[in-house]
Amino acid sequence: MVAVLRPPTIPITEIEQSAFCRTDDDLSARSLEDEFDAGVRWQKLPLGYMRMKPDELDDRIAKARARLGDRVVILGHHYQRDEVIKYADFRGDSYKLSQLAASQESAESIIFCGVHFMAETADILSSPDQKVILPNLTAGCSMSDMARIDDVLDCWDDLQDVLGDESVVVPITYMNSTAAIKAMCGRNGGIVCTSSNAAATFEWALARGEKILFLPDQHLGRNTALKFGIELDKMIVWNPFKPLGGNTEQQVRDAKMVLWKGHCSVHTRFTVEQIAQAREKFPDVHVVVHPECTMEAVQAADSNGSTEYIRALVSDAPAGSVIAVGTEISMVNRLAAENPDKKVFCLDSVVCPCSTMYRIHPAYLSWVLDGLNEGVVVNQISVEDEIAEQARIALDRMLAVA
Ligand code: 13P
Ligand code: SF4
């Protein structure tokens, strides 16, 4: 018998993670040709766009955007670069942006300045005749890449084999996953969650089953389970590269939570030591982190929440507040600039953007806008009908409970 091996996944998004880490604090866009000098492998563009200087691009985007009027709506995630987010009609966290994608019925096209799983979700939730565009097709998410559908299906089968009728497992997938994984949750009585509604989806799941399979971020899963009083010894981590995820059958039977072995390379950089240093330097500091951070960092912080939660916390804080933030640097820099009466800084002194959010360079936005003005849809994200239908079930459950 010939063994059929799956092609290996090359985690290029992780390798690239440090390409734009700087100590000089300057992340302003350069021409795309100059940024490619960092050795990155992004989507190729016509040479004219590669060579355009930032000012030229800015001018071109503004004109192309104005010509399109309300035929297009631009959604921007908080982690986008300043040069891109300034053109977003709406900004938000992934939950808010998914609601917006579902409600922009009059726009012919939705340009999603974010990452691939967000654009897929927008395609599933928007009307069938709307087109969703991701300006750079290589803008993925290293965490999402850590859960391949084949491995997830193997895990699901293994859990059913071990547990049989003994207990019901409810799958919850974080929004940061492929449409195929959302569809698997839709088919199997599961739900999607984001960092802003994970607790509500846990409540929903625990009312329907004894165990939760949480994909693909072990940290968000663990941090949320702890809020529900689930003890650490009732949580197992599922490593897709090991038989039974690296667990014994007994461990699977005893577990309440099965946490997929995935993580965010940006948020796992934040540490308890950084938090201690911030407190030493500024005794009145409020430390807020994203729940993709490790359990230790989340517990050492004063609060945690989604990017929209962090944005609101900083903007609602009284003048003079000192706030240390554990999330992506483009967002932290923007919060600092928008709140000059407060001291807002990133917990990590080395400036590293989310390398995949960063792939939406203004040249790509300019290219797709020009395309629309010429009647050409560039980089459309289109989820296969059957997958979209099943994924929608899990997304609708989230929208109903959140
Ligand atoms: P939010 O839903 O909080 O915006 O998080 C999305 C994300 O990818 C954070 O890394
Ligand atoms: Fe993915 Fe982390 Fe980037 Fe969010 S910050 S898009 S989880 S790699």
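Ala, Val, Leu, Ile, Met, Phe, Trp, Tyr, Cys and Pro count here as nonpolar, Asp, Glu, Lys and Arg as charged, and the others, Gly among them, as polar. Keep that in mind for the stops below. The model is predicted.

**Stop 1: ligand 1.** Select ligand 1 and show its shell. Around it you find D93, S94, Y95, N176, T194, S195, C264, H290, E292, S306 and T307. Colour them by class: 7 are polar, 2 are nonpolar and 2 are charged.

**Stop 2: ligand 2.** Stay on C264, which belongs to the shell of ligand 1 and is also among the residues that come nearest to ligand 2. Now select ligand 2.

**Stop 3: helix α7.** Select residues 116-125. Is this helix enclosed or open? Of its 10 residues, 10 are buried, so α7 is largely enclosed by the rest of the structure. The buried residues include charged E120 and D123.

**Stop 4: helices α11 and α12.** Select residues 198-206 for α11 and 218-227 for α12. Their axes lie 10 Å apart, and the helices pack at an angle of about 70°. The two are therefore roughly perpendicular to each other. Their crossing is right-handed. Show side chains at the contact: α11 contributes A198, A199 and F202, while α12 contributes L220, T224 and K227. By class, this contact holds 4 nonpolar residues, 1 polar and 1 charged.

Conventions. Residues are numbered from 1 along each chain as its sequence is written. Chains are lettered from A and ligands numbered from 1 in the order in which they are written. This is a predicted model: local features need pLDDT of at least 70, side-chain atom pairs count only at pLDDT 80 or more; totals for chains, interfaces and linings use all residues. A residue is near a molecule or strand if its C-beta atom, placed from the backbone, lies within 6 Å of it. Axes are lines fitted to C-alpha atoms, for helices over the stretch in contact, and angles run from 0 to 180 degrees between N-to-C directions. Helices (H or I, at least four residues) and strands (E, at least two) are DSSP runs, numbered from the N terminus. Angles under 35 degrees count as roughly parallel, over 145 as roughly antiparallel, 65 to 115 as roughly perpendicular and the rest as oblique. A crossing is left-handed if the near helix is turned anticlockwise from the far one by less than a right angle, and right-handed if clockwise. Two residues are in contact if their C-beta atoms, placed from the backbone, lie within 7 Å. A residue is buried if 20 or more other C-beta atoms lie within 10 Å of its own, exposed if 12 or fewer, and partly exposed in between; C-beta atoms are placed from the backbone.
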